[in-house]
Every structure is written in C-alpha cells, then in structure tokens.
Amino acid sequence: MGTLFAARLGAAGLPVQMIVRTAEQAEAIQASGLRLVESYGGTVLVRPMRVVAAGTVPEGAAGGSGLVVVAVKAYSTAAVGGLAASVRRGGGRPRRPIAR
C-alpha cells in the first residue's frame, strides 16, 4: 500500500520521500522510479525525491513533512515505533489533525 500511496501522491505532483525495507529496494526505486500500471492500461512513472532503506534514516528526516503515511505489515508495526518517534522529534507537533 505504501508504494501505491507514494506513486499516487507523486503523480499528483507532490514531493514524495520513501523509506523502504532494504538498501536494494531503495537503489532500485531511486534508479528506475515507480511505475504504476492503471486498470485501463495507462502507465504513470514517478520518481520519488528521496528513497532510503529503513536502517539508514537520520533522526528527524521527515520533520518538515506535511503528511507522513506509515504503511507496514502488522508484524512490522513495532519496528517502525522508533521511526515514528524520530519523525515527531524532528517535526514537533502536527500542524493539523488528519481525522477528528
């Protein structure tokens, strides 16, 4: 789901940064971009601004982001807890709630 969100947001012209599981994934996406094939046959190619592997994310990396989407499998949820804390320290308080 995270790749789909990244592709859709990037196709809409928004700056996208991705954090992926492995360095190999990061290198492949950085080199080739994301290719989204639509059900009607159209294709969209998106090149994220920055792609990094999960173990190499500097603290506060997403601090200036207006939106952070965390899309992981259930068994990986605990592993991203530290990343979420890093984003919060780097970015301060959220500017607006996503849902009420």
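How many helices and strands does the protein have? It has 3 helices and 4 strands, where helices (H or I, at least four residues) and strands (E, at least two) are DSSP runs that are numbered from the N terminus.

This is a predicted model, in which local features need pLDDT of at least 70 and side-chain atom pairs count only at pLDDT 80 or more, while totals for chains, interfaces and linings use all residues. Residues are numbered from 1 along each chain as its sequence is written, and side-chain values use heavy atoms, with hydrogens and water left out.

View 1. Of the 100 residues of the protein, 24% count as buried; buried means under 20% relative accessible area, exposed means over 50%, and partly exposed covers what lies in between (1.4 Å probe, protein chains only). The protein exposes about 7200 Å², of which carbon and sulfur atoms supply 57%; such accessible areas come from the Shrake-Rupley method with a 1.4 Å probe, and for residues only the protein chains shown count as cover. Where contact means heavy atoms within 4.5 Å, 58% of the contacts between residues at least 6 apart in sequence join residues at least 24 apart.

**View 2. The largest nonpolar core, which has 10 residues.** A nonpolar core is a set of buried Ala, Val, Leu, Ile, Met, Phe, Trp, Tyr and Cys residues joined through side-chain atoms within 4.5 Å. The members here are Ala 6, Ala 7, Val 16, Met 18, Val 20, Ala 26, Ile 29, Leu 34, Leu 36 and Val 51. At least two residues of this core are supplied by each of α1 (2–11), β1 (17–20), α2 (23–32) and β2 (34–37). When its neighbours within four places in sequence are left aside, Leu 34 is in contact with Thr 3, Ala 6, Ala 7, Met 18, Ile 29, Val 44, Leu 45, Val 46 and Pro 48.

**View 3. The salt bridge between Arg 8 and Glu 38.** A salt bridge is a side-chain nitrogen of Lys or Arg within 4 Å of a carboxyl oxygen of Asp or Glu, and by this rule the count comes to 1 salt bridge. In the pair formed by Arg 8 and Glu 38, the closest N and O atoms are 2.7 Å apart. Because Arg 8 lies in helix α1 and Glu 38 in the loop between β2 and β3, the pair ties together parts that are 30 residues apart in sequence. Arg 8 counts as partly exposed, at 43% relative accessibility, whereas Glu 38 counts as buried, at 14%. The side chains of Glu 38 and Arg 8 are also joined by a polar contact of 2.7 Å, that is, a pair of N or O atoms within 3.5 Å, of which, within protein, one must be able to donate a hydrogen and the other to accept it, with residues adjacent in sequence counting only if both atoms are side-chain atoms. With its neighbours within four places in sequence left aside, Glu 38 is in contact with Arg 8 and Val 44.

**View 4. Ala 53 in strand β4 and the residues that Ala 53 touches.** Ala 53 counts as buried, at 10% relative accessibility. Not counting residues up to four places away in sequence, Ala 53 touches Ile 19, Val 20, Arg 21, Thr 22, Ala 23 and Ala 26. From C-alpha to C-alpha, Ala 53 and Ala 26 are 5.8 Å apart in space, although 27 residues apart in sequence.

**View 5. A nonpolar surface patch of about 500 Å², made by Met 1, Leu 4, Phe 5, Leu 67 and Val 69.** Patches are made of residues with over 30% relative accessible area and no salt bridge, where like charges are joined within 9 Å and nonpolar side chains (Val, Leu, Ile, Met, Phe, Trp, Tyr) within 5 Å. Val 69 is found in the loop between β4 (50–53) and α3 (81–91) and counts as partly exposed, at 41% relative accessibility. Met 1 lies in the segment before α1 and is exposed, with a relative accessible area of 67%. Met 1 and Val 69 are 68 residues apart in sequence and 9.9 Å apart in space, C-alpha to C-alpha.
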